[in-house]
Amino acid sequence: MIENVMRPGAFCTRPYFLQQEVVMAGKPSVKNRIVDAAWKLFYEKGYDDTTVEDIIKLSDTSKGSFYYYFGSKDALLDTLATILDEKYVEMEKELEKQPEMDSFDKLMYLNYHSHLFMETKIDMSLLASLYSTQLIAKGARNLLDQNRTYYKLVNRIVEEGQRRGQIGREKSVWEITRYYSICERALVSDWCLNRGEYSLAEYSREYMPILMEHFRVGKEA
């Protein structure tokens, strides 16, 4: 059992080891560091060969911190949506530097770079297993959570595109976002079924514009 160790006279509901780690300047939160380190190791070493001790060492945290957030290594498998959404935050910042980019092109940018990230940073067999698990999950399906950064970002871009006259209005923002996400999952699923024998990113670069072309307005493909 993790003790809530605190400095004398201090009042805080968080364990002292977390207070110490959270304030480390320039670093993400303790939980995010654990998640980032875990997925890096899963890709480099494989899930089975990665230990909790490996994750603690790479994340520069502690055993107490790890078990405060995660009951076991298996619990980290539910954080795939988290690691992907962190990438979407990075991509959004890059897009903010290019405000004049066509909104349809922004969607293609997200698609290519997210699939490149999956291809080069996430173990394919683990990704395939997690996708299949979502199909039979009885509880929450994290990848489909509409409160994810992913869905909010795509929604904003589609809404912007309709306002600019670059994305069609025959369907609602949410319907287009949903279709976009279905196309992405189809591309990833097919890549997994083919055991990664081709580049997911390059295949998506070629075929995602074709799948989404119906919604494009005012520009030739």
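User: Which residues in H2 are buried?

Analyst: Happy to start there. This is a predicted model, with local features needing pLDDT of at least 70, side-chain atom pairs counting only at pLDDT 80 or more, and totals for chains, interfaces and linings using all residues. Residues are numbered from 1 along each chain as its sequence is written, and side-chain values use heavy atoms, leaving out hydrogens and water. With buried meaning under 20% relative accessible area (1.4 Å probe, protein chains only), the H2 residues are Val30, Arg33, Ile34, Val35, Ala37, Ala38, Trp39, Leu41 and Phe42.

User: How far apart are the end C-alpha atoms of helix H2?

Analyst: Helix H2 covers residues 30-45, which is 16 residues. The expected span is 1.5 Å times one less than the number of residues. That gives 22 Å for H2, and the distance between its end C-alpha atoms agrees: 22 Å.

User: Is Thr177 buried or exposed?

Analyst: Thr177 sits in helix H9 (residues 173-193). Its side chain makes a polar contact (here, N or O atoms within 3.5 Å, one able to donate a hydrogen and the other to accept it) with that of Asn155, at 2.9 Å. Because its relative accessibility is 1%, Thr177 counts as buried.

User: How do the axes of H6 and H8 cross, and is H6 roughly parallel or antiparallel to H8?

Analyst: The axes of H6 (residues 103-121) and H8 (residues 149-164) come within 8 Å and cross at roughly 160°. Angles over 145 degrees count as roughly antiparallel. Therefore H6 is, relative to H8, roughly antiparallel.

Key: Helix = DSSP H or I, 4+ residues; strand = E, 2+ residues; numbered from the N terminus. Buried < 20%, exposed > 50% of the residue type's maximum accessible area, 1.4 Å probe, protein only. Axes fitted to C-alpha atoms, helices over the stretch in contact; angles between N-to-C directions. Parallel < 35°, antiparallel > 145°, perpendicular 65-115°, else oblique.
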